[in-house]
Amino acid sequence: MAYFQQEIETASREQITAWQNERLAATVKRVYDNVPLYRERMDAAGVKPEDIKTIEDLTKLPYTSKQDLRDTYPYGMFAVPMKDVVRLHASSGTTGKQIVVGYTQHDLDVWADICARQLVAVGATPEDKIHVSYGYGLFTGGFGLHGGAEKLGCVSIPVSSGNTARQLTIMQDFGSDVLACTPSYAMYLGESAEKAGIDTSKLPLRAGIFGAEPWTEEMRQNIEKSLNIKAYDIYGLTEIMGPGVSYECECQQGMHVNEDHFIIEIINPETGEHMPDGEKGEIVFSCITKEAFPLLRFRTKDIGTITHEKCACGRTFVRMSKPMGRTDDMLIIRGVNVFPSQIETVLLQMDQSPNYQIIVDRVGVLDTLEVQVELTEDKFSDTISEISKVEKDLTEKLKSLLGIAAKVTLVAPGTIARSEGKAKRVIDKRKK
Amino acid sequence: MFMKQLSVFVENKQGALAKVMAMLSDNGINMRAVSIADTQDFGILRIIVKEVDKAKAILKESRVIVSVTEVVGVEIPDTPGSLSKVLSVLDEGQVNVEYVYAFVTPGKSESAYMVVRAGDNVKATEVLNAAGIHTLTQEDLEAML
């Protein structure tokens, strides 16, 4: 077994807890002093920084929600002055307002470390060329894995996303060893390789790190077969760090949470009560080493489980499951976060019927999004061109707001099924 | 001065058209002319009937999207070349035609009738009349049927 930081990744539970206790207390003190929102919340709850001595005290602290980040946009949650910030990223989530996060140089070093841990866990060595097909930009995917690859001393190939033919050429000509992208794109690459007559068993490519969207065991098998690699899961979120918050090892049995930097809780989203190992609940993260943007008890709205069982890889960090759903109605379509409320907003802005239905499906390897809208009388016309224009305008508006294409279909009034007066808004056919 | 057409939104799926037709037939509405424009997702059914208001009310009651569109009714001899003449007149008069369809009324008239939806119905009527082509109003149609 190989590790990037063996003494940390295989530390005893006592050691991990000792780190967490000390780092949590320090972080709480720091945010109390520097982030007005946390000071107000803690004051209101009657909690002083010195009340937080161990991770047992975590539950005394208030939660942080995505809404808090929007309310304090852009820089209200930053815990260091701008002179110490060296990088900004922004969330891909487009629920109205984006959120922006900051990193100090130390934060970037930690991020690179945890991504390097992931790379080593999937068998990468400094000899390897890491083909990064995550987007580079405000999205954290590209830069995150890139930093890890360089930290490990690999050769980073910053291909970024798009242009599949070029991706395949680079993969062959440059001899990429490890691929990092979204799982749906990996499937697409596999399919495109086959179409192009590329024998993937002849390529050096042997492992892939895939995240940023939910994927199934079937997708894993498909990718492993079509690209002739081992496919590994990675989890992360912009608010906490980006990719690498937790990482899958060669055992492919859940993702190890980097507990020296983050504390994971699984809570009952209604009561806040902690769920035992193996039981589903909302995943909550606290940052305990982050300098620029250290969130406490951030509610991810992802549903998952954790296990403290020993992993055969020797790593002692707790493992989390793949997210199994959401506590809200967020959909992840082709790696992009989509909320039904966004679609509703567009429809209302465009003076359309509030009777709509969102149909998500997977055709071949790509997610599809269809928005069915009941046509209203005032939008009706006796010519095709006029009605097609309504569809086209809606399509364009949705594309610009969501960042992905949606097919708009106008349907007859009353055709969208309603149950107890309320229309079923989302049909996700990708779910089994 | 125009004829009236019922324009009906119909989804492009099995049974949708039959449903609309059944609503009309159940209420004894006889159609004089029918035309459908279709796309992958939906179609627009265009119907000429004598009892426009009644037909509209029936469809509306069943939550069908329907509107009444003014169209130019053009009487032409039921012989080859007469539609061509109408279209050249409109072309020369620089009138755009959105769509056109035809009907005959056997036993009631020797003529054929064109339903023309022009970009500008008023101008279409003017240029046709100026060329000696007779246009119909809804009243003309109702009187004939």
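Two residues are in contact if their C-beta atoms, placed from the backbone, lie within 7 Å. This is a predicted model, in which local features need pLDDT of at least 70 and side-chain atom pairs count only at pLDDT 80 or more, whereas totals for chains, interfaces and linings use all residues. Residues are numbered from 1 along each chain as its sequence is written, with chains lettered from A and ligands numbered from 1 in the order in which they are written.

**View 1. Packing of α5(A) with α6(A).** Among the contacting residues are W111(A) and L119(A) of α5(A) and L145(A) and K151(A) of α6(A). This contact has 10 nonpolar, four polar and three charged residues (Ala, Val, Leu, Ile, Met, Phe, Trp, Tyr, Cys and Pro count as nonpolar, Asp, Glu, Lys and Arg as charged, and the others, Gly among them, as polar).

**View 2. Contact between the domains of chain B.** An automatic or database assignment gives domain 1 (3-69) and domain 2 (71-144) of chain B. Between them, 11 residues of domain 1 touch 13 residues of domain 2. On the domain 1 side, β2 (31-38) of chain B gives the most, with four residues.

**View 3. Contact between chain B and chain A.** Chain B contributes 15 residues and chain A 14 residues.

Note on methods: Helix = DSSP H or I, 4+ residues; strand = E, 2+ residues; numbered from the N terminus. Axes fitted to C-alpha atoms, helices over the stretch in contact; angles between N-to-C directions.
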